[in-house]
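Have the viewer open and follow along.

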Amino acid sequence: MSGSVLYDAPGPRTRRIERLASIALAVVIVAVLAWLVVSLARRGVLDDRWEVLTDPPKQQTASDVWRSLIVVGLGATLRAAVVAAPLALVLALVLAVLRTSRFAIVRRPAVVVIEVLRGMPVLLMMFFGLLGFGLSSFEAVVFGLTLYNAAIIAEILRAGLIALPHGQVEAGISIGLTRGQTLRIIELPQVVQLMLPSLISQFVVLLKDSSLGFIVGYGELLSVMKNNYSFFGDTSRLPLFVVVVGIYLVVNITLSRIAVYTQRRLSSRIATPVDDLTVVR
Amino acid sequence: MDALIDSIPRFVDGFEMTLLLAVVSGALSLVLGVVLAALRVAPLRSLRVVATVYVETVRNTPLTLVFIFYVFVLPTLGFVLPLGRVPAIIALTTYTSAFVCEAVRSGINSVSTGQAEAARAIGLGTVATLRLVVLPQALRSVVPPLINVLIALTKNTSVAAGFAVIELTSTGRSLARDNPSDVLLLLGGIAVCYLIITIPAGLAAGAVERRVVFSR
């Protein structure tokens with residue numbers, strides 16, 4: 001690791017020592033993992049419970065299990081996320097525009113709404129929908145995800161509006177556009193592009209939060225997992241859990257990769273932000 | 001309105017439990033998160049790999065699933081935790097420490113390499129460089145994101161409502177079921193309890209952040 005703030009770039013001797021120490025530690029870590037696996041195996045973890053994924057009991061086939069997890073479970077998770085995300089984005093655009101208005105009478109209420117929505121747990125909002133407004137559990141999940149993420153995305157967009165060079169607005173005004181047109185034609189398209197990586201990261205958060213449907217009774221991935229292990233018995237919990245963690249990791253890490261990729265591609269295409277965004281935000 | 005006044009003792013109990021979960025798991029995740037961050041910037045590759053795998057796995061897993069692991073999966077491996085606040089604190093710590101780690105790591109990385117090079121150039125040793133130059137600057141840029149992580153933790157304690165812990169959100173749920181005519185009022189009261197914690201903390205984070213920006 002050359003170029004670190006924490007230590008000087010190592011010389012050949014240090015590098016050699018580091019490599020040896022690293023290998024020695026890796027051996028220790030592998031040994032600890034092996035011991036963990038062996039002691040779990042003694043407790044019966046490596047027995048036939050994993051067959052639930054390949055050859056499940058009770059006249060079910062492996063494809064029944066996998067279809068219920070991936071098609072039904074992941075499908076319901078994605079449906080909630082895909083319905084909530086565009087709604088949140090639209091609401092966020094409105095909130096961000098109001099929040100950056102010149103008029104305090106518009107700006108202040110927007111600040112209050114954003115702060116209140118940001119300060120509450122998503123789960124509580126879902127209960128508002130479920131118990132307060134009598135929504136179905138799917139609608140309650142979408143309701144909570146939409147309101148919460150609208151507030152977060154509004155702040156992301158606002159950071160983008162602030163980061164955009166002021167000359168962009170001035171250029172728009174000077175060629176005779178109204179403020180609304182400047183916002184719509186010049187500012188927002190650039191801000192959405194500029195903030196696309198942050199928006200994708202926020203979509204990952206939204207997708208993860210859709211798992212709260214498990215608590216409000218929406219049949220998403222975790223609920224399907226629970227139904228499966230209630231049916232196949234307690235020993236099937238670990239294999240099903242491992243599969244569900246795997247599904248989340250694959251979906252979320254793929255999305256995060258896309259975020260990094262778009263960030264790299266976009267960096268050359270937009271007017272340079274005035275300041276480092278991490279500091280402004 | 002009567003329903004709200006009658007249930008004030010339950011609000012207080014719920015608030016205390018939420019605060020307990022947030023404070024205990026906050027303190028534990030700060031410790032674990034700093035250790036993880038130290039591993040992630042360590043010169044030894046194998047340590048970095050272990051910490052990275054932990055952080056990336058936990059960050060991409062929903063908190064609800066972490067709760068399910070400790071409450072429903074771990075007992076089938078022969079480790080039975082007492083139901084209630086213990087698995088909740090462990091789950092929240094597991095989850096939050098990954099975010100603490102990332103906040104601390106990006107704080108360390110925000111100090112430019114030139115600062116450390118300058119410190120070494122004027123003859124400071126490794127310890128002095130860290131103590132006098134790198135860490136004071138890193139600490140400043142770490143504090144606002146850390147406050148935000150702790151705010152998120154406070155909101156995340158609500159997930160414990162799904163796993164047999166009587167904190168604010170589950171208090172709200174059972175009050176709402178008992179008093180169907182005052183649901184919005186009661187849940188609104190619960191929301192206010194959260195906002196009492198989260199909004200001042202957010203303002204504090206913003207204030208620290210502004211001071212950091214000016215001092216650069």
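Phe69(B) is partly exposed, at 23% relative accessible area (buried means under 20%, exposed over 50% and partly exposed in between, with a 1.4 Å probe and protein chains only).

Before going on, a word on the ground rules. This is a predicted model, so local features need pLDDT of at least 70 and side-chain atom pairs count only at pLDDT 80 or more, while totals for chains, interfaces and linings use all residues. Residues are numbered from 1 along each chain as its sequence is written, chains are lettered from A and ligands numbered from 1 in the order in which they are written, and side-chain values use heavy atoms, with hydrogens and water left out.

Now the rings. Searching the whole structure turns up 10 aromatic pairs over all chains; rings of Phe, Tyr and Trp (its six-membered ring) pair if their centres lie within 6.5 Å, and planes under 30 degrees apart count as stacked, over 60 as edge-to-face and the rest as tilted. Take Phe133(A) and Phe143(A): with centres 5.6 Å apart and planes at 65°, the pair is edge-to-face. Phe133(A) sits in the loop between helix H5 (122-132) and H6 of chain A and Phe143(A) in helix H6 of chain A, so the pair ties together parts 10 residues apart in sequence. Since Phe241(A) lies in helix H12 (residues 237-266) of chain A and Phe69(B) in helix H4 (residues 63-73) of chain B, the pair joins two chains.

Helix H12 of chain A also holds Arg237(A), which is buried at 16% relative accessible area. Setting aside residues up to four places away in sequence, Arg237(A) touches Tyr229(A), Phe72(B), Val73(B) and Thr76(B), where contact means heavy atoms within 4.5 Å. Two of those names come back in one aromatic cluster, formed by Phe214(A), Tyr229(A), Phe67(B), Phe72(B) and Phe163(B).

Phe163(B) deserves a click too. The largest nonpolar core has 130 residues, and Phe163(B) is among those that touch the most other members, along with Leu69(A), Met225(A), Leu65(B), Phe67(B) and Ile68(B). (A nonpolar core is a set of buried Ala, Val, Leu, Ile, Met, Phe, Trp, Tyr and Cys residues joined through side-chain atoms within 4.5 Å.) Helix H6 (residues 137-163) of chain A gives the most to this core, with 14 residues.

Finally, look at chain B by itself. What does its secondary structure come to? Nine helices and zero strands. Of its 216 residues, 51% count as buried, and the C-alpha trace spans about 70 × 45 × 20 Å along its principal axes. In the loop between H7 and helix H8 (168-178) of chain B you'll find Ala164(B), whose phi is near 65°, a positive value in a residue other than glycine.

Key:
Helix = DSSP H or I, 4+ residues; strand = E, 2+ residues; numbered from the N terminus.
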